[in-house]
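Biologist: Could you take me through this model slowly, and tell me each time what a term rests on?

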Amino acid sequence: MQQTQQSAALPRGPVMAGVAGLRLTDEEKRRLSHPLVGGVILFRRNFQDIEQLKALSAEIRALRSPHLLIAVDHEGGRVQRFLDGFTRLPPMQVLGKMWEQDRAAALEQVENVGYVLAAELSACGVDLSFTPVLDLDWGRCAVIGNRSFHRDPAIVADLAEALQRGLARGGMSTCGKHFPGHGFVEGDSHHLMPEDGRSLAELEADDLIPFGRLAAAGMGSVMPAHVLYPAVDAQPAGFSRVWLQQVLRGRLGFDGVIFSDALDMEGAAGAGSFVQRADAALAAGCDMVLVCNDPRQTDLILANLRPPAQPDLARRLERMAGRAADWAAELAGPAFASARAQVERLNMPADAMRGPDVGEAN
């Protein structure tokens, strides 16, 4: 598709939107051409096979320059949106258990996982997977569960840094989630507002360690949790200037993108209407808000949102764009074939898919 003169110099805005199907409708092309849109998030509903995904990505990329960022939740285990033609990735807990037996082998394998994950997505025109999960496995939160590497924050950080190196080899940046840690609460923020009553000092001694380590190692983006930490602030983390400005930007020195978690999750409902949720997230310090499953609400946000000044938005979002390369040749080469073979040999536990669905609309 030839880019129009109007879209040629349209900077990326602070809204990431979902699309309904396997190709863009005319209405979606109009929506995605709005100046406030900066990205598209894909789900299983948007995937049929690799050729279709490449065509959809090409449609999205052709709408604007710089192209809209294309993102997906593609972690492994039960959170892997694209299956047919993609390498099946294990839940990250598999790598944590491997670390307990052989640290060096676990680090090598998790780097392979990151490389295979990113290279396969990059070859289809996808810029970013929202990974790694940095939440600790406290054995309490079903929605996190085996998505977590481990209970030990140092092990989580070790493995996540290696995954980040693999993702970079595959042309992709990182998104650490769910800041400052979703693993201690029992509730699922897709359906309610969980509360974590611990103090900031307690969180700093455990759950914040991987976020600090990854921030120092060049993590590209962070996604905060729709979780309330009342001992720290009266606002949930994703709507809290304390968490996003004072702790994440200030104490941890993080300068990448802050993506909101999906605004259509029940954990975001306390902030009001969708427009109010978007306003509150951006005012707190998010760079980009996600509206995944409701085009009517997306249109209301685009019509009514008045974002604050975001002088760093273009620079930060550009860092999230996937690295251009001849990915078809990369996937056909010996290095990728070796990494993929090793990933395919990783253990896929019988309970790998056990746990709540994550982020898919009904």
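**Helix α9 and the sheet**

Modeller: The buried residues of helix α9 are covered by elements that include α8 (241–251), β9, β10 and α10. This is a predicted model, in which local features need pLDDT of at least 70 and side-chain atom pairs count only at pLDDT 80 or more, while totals for chains, interfaces and linings use all residues. Residues are numbered from 1 along each chain as its sequence is written, and side-chain values use heavy atoms, with hydrogens and water left out.

Biologist: What makes α9 a helix, and which of its residues are buried?

Modeller: A helix is a DSSP run of H or I with at least four residues, a strand is a run of E with at least two, and both are numbered from the N terminus. Helix α9 spans residues 274–284, and its buried residues are F274, V275, R277, A278, A281, L282 and A284. They are called buried because their relative accessible area is under 20%, whereas exposed means over 50% and partly exposed lies in between (1.4 Å probe, protein chains only). After α9 comes G285, with a positive phi near 130°.

Biologist: Which way do the residues of strand β10 point?

Modeller: In β10 (residues 288–291), M288 and L290 point one way and V289 and V291 the other way, and all are buried.

Biologist: Why are β6 and β7 called edge strands?

Modeller: The open sheet has eight strands in the order β6-β3-β2-β1-β10-β9-β8-β7, with parallel pairing. β6 (128–129) and β7 (175–179) each pair on one side only, and they are the edge strands. On its paired side, β6 meets β3 (residues 69–72) over two bridges, and A71 has L128 as its bridge partner there.

Biologist: What does helix α10 touch, and what is its direction relative to β1?

Modeller: Helix α10 (residues 295–304) packs on the sheet and touches β1, β2 and β10, where contact means heavy atoms within 4.5 Å. Its direction makes about 155° with that of β1; axes are lines fitted to C-alpha atoms, for helices over the stretch in contact, and angles run from 0 to 180 degrees between N-to-C directions.

Definitions and conventions:
Pairing = 2+ DSSP bridges.
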